[in-house]
Amino acid sequence: MIPIWLLLIFVTFLQPIPILSLPECNFPAIFNFGDSNSDTGTLAAIYGQLPVPYGETYFHHSAGRYSDGRLVIDFIAEGLGLPYLDAFLDSMGTNFSHGVNYAMAGSTIRRQNTTIFQKGGYSPIPLEFQYVEFSDFLNKSQVIREKGDVFKQLFPAKEKFSSALYTFEIGHNDLTAGYDLDMTTEQVKAYVPDLISQFTTTIKKVYASGGRAFWIHNTGPVGCLPYILDTRVITSAQMDKYGCAAPYNDVSQYFNQKLKEAIIQLRKEFPLAAITYVDIYAVKYSLIAQAEKLGFGDPFLVCCGHGGRYNFDNSRRCGSTDTVNGKNIVIANSCEDPSSRIIWDGIHFTEAANKWIYDQIVDGAFSDPPVPLKMACHEFPDALDELID
């Protein structure tokens with residue numbers, strides 16, 4: 001791959017206006033779509049707050065996030081000078097003037113046949129319904145603003161929708177859904193094209209609604225999660241040199257390959273859109289590979305869990321309680337120092353890991369085109385894609 005600095009030099013000769021001289025984007029709002037990796041309170045608003053010790057590091061209370069603190073989407077908001085995003089379904093003290101979060105833990109791209117209360121169950125709000133929520137908000141928010149007073153302050157002006165950043169991180173649960181149904185990796189791969197088709201359909205709908213700047217994360221290395229490593233039969237031959245389950249990661253990479261191909265096609269179809277593909281897989285895998293060097297120790301040791309090889313028991317997840325001597329106590333509690341761990345609860349990352357991930361992606365080092373977050377509103381020529389490929 002050509003170094004980013006060299007790519008930028010090349011493109012300065014390909015564009016009338018050099019990239020390096022373009023102004024930073026002034027995103028007035030963020031509209032986020034996704035799953036638990038970026039849920040800031042949707043699941044909690046429906047089913048109740050996550051148990052202690054979720055949120056302990058930064059918020060010092062459960063804050064609707066699957067982490068001990070902030071998520072990557074929180075750091076993205078901070079980096080753009082915006083407040084954290086409130087969940088669309090949260091009615092308690094919410095302010096949507098700077099954007100909305102539609103992500104929900106357990107959400108998938110396509111509809112699932114199981115509910116969140118069943119084994120292997122998922123969110124009742126897949127990506128297509130998250131778009132319905134967005135579309136409803138787009139229309140009703142302007143009607144509400146007309147009431148004036150506080151209502152005008154809590155909802156975004158219409159022009160913010162066209163200049164906002166639209167962020168996406170979803171697909172992880174679609175892959176694990178197949179594993180939960182005892183599908184083989186090849187069977188899971190077989191439905192990936194349908195996932196990508198439904199994903200791109202939503203992108204097109206957002207574009208038709210006025211969205212122009214898209215920041216899209218691919219899916220992470222599923223085979224590196226203790227949840228997979230502990231609950232699946234994985235032979236030693238299937239483990240890679242860093243301790244991850246290669247077959248599961250192969251499926252993630254296949255999904256990402258197809259997603260990137262689809263995004264390149266979307267750029268051709270919508271030349272006025274600025275669509276950035278962010279390789280979260282590469283960042284997370286790099287973090288796992290360098291865990292000890294970076295001060296995180298064992299990359300698979302769960303901070304908040306209970307027993308087992310990875311301090312993870314799927315039936316006693318983070319915050320689980322038990323009755324001991326007549327008292328209800330937390331038996332799956334937090335480790336002493338969450339900042340020294342990568343994995344928070346067996347599936348999701350700690351705030352420290354999320355911050356490290358954000359620091360790697362904010363300058364565009366893992367993006368296609370390789371441009372910083374604050375430049376993600378600018379469209380770039382096809383020549384840049386060709387140089388990257």
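Predicted model: local features only at pLDDT ≥ 70, side-chain atom pairs only at ≥ 80, totals over all residues.

1. The protein contains 14 helices and eight strands. Its radius of gyration is 21 Å, close to the 21 Å that the globule rule gives for 389 residues, so the protein is as compact as a globular protein of that length. Along the principal axes, the C-alpha trace spans about 70 × 55 × 40 Å.

2. Of the 389 residues, 54% count as buried. Among contacts with a separation of 6 or more, 70% are between residues 24 or more positions apart. The protein exposes about 16,800 Å², and carbon and sulfur atoms supply 53% of that area.

3. Charge inventory. There are 30 positive and 43 negative side chains, and the centres of these two sets lie 3 Å apart. Side chains of opposite charge can pair when their charged atoms come close. The structure holds 14 salt bridges, and the next points take up some of them.

4. Arginine 111 with glutamate 128. The side chains of these two residues meet in a salt bridge, with an N to O distance of 2.6 Å. The pair links distant parts of the chain, 17 residues apart, since arginine 111 sits in the loop between β2 (99-101) and α4 (127-145) whereas glutamate 128 belongs to helix α4. Arginine 111 counts as exposed, at 54% relative accessibility, while glutamate 128 is partly exposed, with a relative accessible area of 27%.

5. Arginine 232 with aspartate 180. Here the side chains form a salt bridge at 2.7 Å, N to O. Arginine 232 is in the loop between α10 (226-231) and α11 (246-269), and aspartate 180 is in helix α7 (residues 172-180), so that the pair links distant parts of the chain, 52 residues apart. Arginine 232 has a relative accessible area of 17% and is therefore buried, as the cut-off for that class is under 20%. Aspartate 180, with a relative accessible area of 24%, is partly exposed.

6. Lysine 260 with aspartate 368. The salt bridge between these side chains has an N to O distance of 3.7 Å. Lysine 260 lies in helix α11 and aspartate 368 in strand β8 (residues 367-368), so the pair ties together parts that are 108 residues apart in sequence. Lysine 260 is partly exposed at 23% relative accessibility, whereas aspartate 368 is buried at 4%.

7. A salt-bridge network. Arg70, Glu78 and Glu351 are linked to one another in a network of salt bridges.

8. Cis peptide bonds. Most residues other than glycine have a negative phi, and most peptide bonds are trans; this point and the next concern exceptions to those patterns. The peptide bond from valine 52 to proline 53 is cis, with omega near 15°, and proline 53 is found in the loop between α2 (42-47) and α3 (72-79). A cis peptide bond also joins aspartate 368 and proline 369, with omega about 0°. Proline 369 lies in the loop between β8 and α14 (382-388), and its partner in this bond, aspartate 368, is the residue that also meets lysine 260 in a salt bridge.

9. Positive phi outside glycine. Aspartate 149 is not a glycine, yet has a positive phi of about 50°; its place is in helix α5 (residues 149-154), and it is exposed, with a relative accessible area of 68%. Asparagine 325 likewise has a positive phi, near 55°. Asparagine 325 lies in the loop between β6 (321-324) and β7 (327-330), where it is exposed, with a relative accessible area of 77%.

10. The surroundings of lysine 189. Which residues does lysine 189 touch, not counting those up to four places away in sequence? They are Asp250, Val251 and Tyr254. The C-alpha atoms of lysine 189 and tyrosine 254 are separated by 7.3 Å, although the two residues are 65 residues apart along the chain. Lysine 189 is found in helix α8 (residues 185-190), and at 21% relative accessibility it counts as partly exposed.

Note on methods. Residues numbered from 1 in each chain as written. Heavy atoms only, no water. Helix = DSSP H or I, 4+ residues; strand = E, 2+ residues; numbered from the N terminus. Rg over C-alpha atoms; globule rule 2.2 N^0.38 Å. Buried < 20%, exposed > 50% of the residue type's maximum accessible area, 1.4 Å probe, protein only. Contact = heavy atoms within 4.5 Å. Areas by Shrake-Rupley, 256 points an atom, 1.4 Å probe, with all protein chains shown as cover. Lys, Arg positive; Asp, Glu negative; His and termini not counted. Charge placed at Lys NZ, Arg CZ, Asp CG, Glu CD. Salt bridge = Lys/Arg side-chain N within 4 Å of Asp/Glu carboxyl O.
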